[in-house]
Structures are given as structure tokens and as C-alpha cells.
Amino acid sequence: MKVAAGQFAVTSDCEKNIQLCIHYMRAAHAAGVDLLVLPEALLARDDNDPDLSVKSAQPLEGPFVSALCKASAGNDMTTFLTIHVPTTPGRAANTQIALRNGEIVAVYQKIHLYDAFSMQESRLVDAGATVAPMLNVAGMNIGMMTCYDLRFPEMALSLALAGADIIVLPAAWVRGALKEHHWATLLAARALDSTCYVIAAGECGNKNIGQSRVIDPLGVTIAAAAESPALIVTEVTAERVKAAREKLPVLAHRRFAPPALL
């Protein structure tokens, strides 16, 4: 199947961000893509207001998602992205959704919040409590993770043990010392831990690195972007997953129990 990751700089204008998403959705569909991953926290972003993503939070039935559902109607391409959804006054959940043919077909609230490197996502964001169920796209099973989840091998392993062939990762990976190295290393490590494809889309504004990647089940980067807006497209196959697991049967060789949420 054909997959893509789209990266761009999210603006402070929600309407502009809707149009950016729709532009990438249309371009991916025109390229014959079955699965598209867009970045994290797409409602609004401002370098001078780190809380804008939460301040701009909308319910899933709000105008942002409604516009993207409308744009997805009439085709079977599945698009993954995240927005902030209100929970209690002044707070929100960082929520990943999958859209297909005009509908939301999967929802996942980010479990691991980015309270690291002098940042504190949990100050205004509520953590999710469940892993999303598998979503089938073109005959392959998709597991959902978001940004900081990448640093937790147990999550990728749990998705693989649940049947995932592909892990999708919308992200807004913050720049900083060693952070680009961490990103590349962790993407390859999670692919190898799980022997899954990993499709990661990074926001590429002034504070985030972009660098979207598609990694194959043996840790090989098969498509990549730099720091500028881009749409990367490549092919993935169930046969490659099967072959990787025959060569590197780490899932079968495990001596530890399957991970469980605390």
C-alpha cells in the first residue's frame, strides 16, 4: 500500500490550518495514497504563546474536524492527525483521530505527556488512559502513537503484540541539544522493537524540527523530509513485515510478559 507523511508549519490561524491540512490530503489522494499522517496539534500554534493549542481546543464535532471530514468524503484514504479537545475548563486532551470517507474511524488520547526538557504538557493537558484499538487500512493493521509516546518502547511493543503492522506517529518534536539525534534513533529503535513500519509526521515551524520519516520493520529509513514543508510518499507491504519477523523474531523470542498500562 502507498503511505505518506505531510509536514508543515502550523499557524496561529485555525482557518489557514484547515486549508493546509486539506491541501496535503488532496495532494496525497491524488498520489494514490492509502494512509496519510499529518503532524501533532494542528488547531493553532504561536511561538509567543505556548498555550495557544489548548486555548484553541475544539470538540471533535467542531468546525475544524468537520471541515476535514468533509474534505475526506468520497474516498477511502485514511488520514491521521491530532488536535486538542476540551476536557474541563481551561484543559484539553491531545487527541489523535483517523478520518476516512467523511467520518472519524478511530480516536486516541495521548498517554505520555511531554513533561521533560523544561516543558510541562500536563500543566494544561490531561493524559489518555487507553491504547487505541487496531485500525485496518488496506489490509494492514495500524497502531496509533503521538510524539512523546515514541520514547516508551513498551507502547510500541504492546501495539505489535496486539497485531500492528504499522505504527503512525503525528509529532511536534521540539528542537534542542541532541533532539534530532534522539528523533532519528528512537524512530529506528521503535521499528526494530516492534518489527513494524513507523510513519512519523513532524511539525516544521520555528520551534520544531520537521524531519518526517517512514522507517521499515528492520529500522531502514525508506522516505524522509528535512526541515521544510513536504509530502513524502512511499510503498509499504505486509510481505516486508512478515519477512522482517522471520529474520528478526524478537516478538516470538520475548522472555518478559506483555506490557500493561499502569
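The radius of gyration of the protein chain, taken over C-alpha atoms, is 17 Å. A compact globule of 262 residues would have a value near 18 Å, so the two agree. The globule rule is 2.2 Å times the number of residues to the power 0.38. Along the principal axes, the C-alpha atoms fill a box of roughly 50 × 40 × 30 Å. The structure is a predicted model, in which local features need pLDDT of at least 70, side-chain atom pairs count only at pLDDT 80 or more, and totals for chains, interfaces and linings use all residues. Residues are numbered from 1 along each chain as its sequence is written, and side-chain values use heavy atoms, with hydrogens and water left out.

Buried residues make up 52% of the 262 residues. Buried means under 20% relative accessible area, exposed over 50%, and partly exposed in between (1.4 Å probe, protein chains only). Contact means heavy atoms within 4.5 Å. Of the contacts with a separation of 6 or more, 68% join residues 24 or more positions apart.

The chain holds seven helices and 13 strands. These are DSSP runs, numbered from the N terminus: helices are H or I with at least four residues, strands are E with at least two. Helix α5 covers residues 179-194. Its expected span is 1.5 Å times one less than its number of residues. For 16 residues this gives 22 Å, and the end C-alpha atoms are 22 Å apart, which agrees. The buried residues of α5 include Trp183, Leu186, Leu187 and Ala191. The buried residues of α5 pack against α4 (153-161), β9 (166-171), β10 (197-202), β11 (213-215), α6 (238-247) and α7 (250-253).

Helix α4 has its own buried residues: Met155, Ala156, Leu157, Leu159 and Ala160. They pack against β5 (103-109), β8 (140-144), β9, α5, α6 and α7. Each of the two helices is followed by a residue with positive phi. After α4 comes Gly163, with phi near 115 degrees. After α5 comes Thr195, with phi near 45 degrees.

Cys196 lies in the loop between α5 and β10. Cys196 is buried, with a relative accessible area of 0%. Beyond its neighbours within four places in sequence, Cys196 is in contact with residues including Ala160, Ile166, Ala191, Ile215 and Arg245. Gly143 is 53 residues away along the chain, yet the C-alpha atoms of Cys196 and Gly143 are separated by 9.5 Å.
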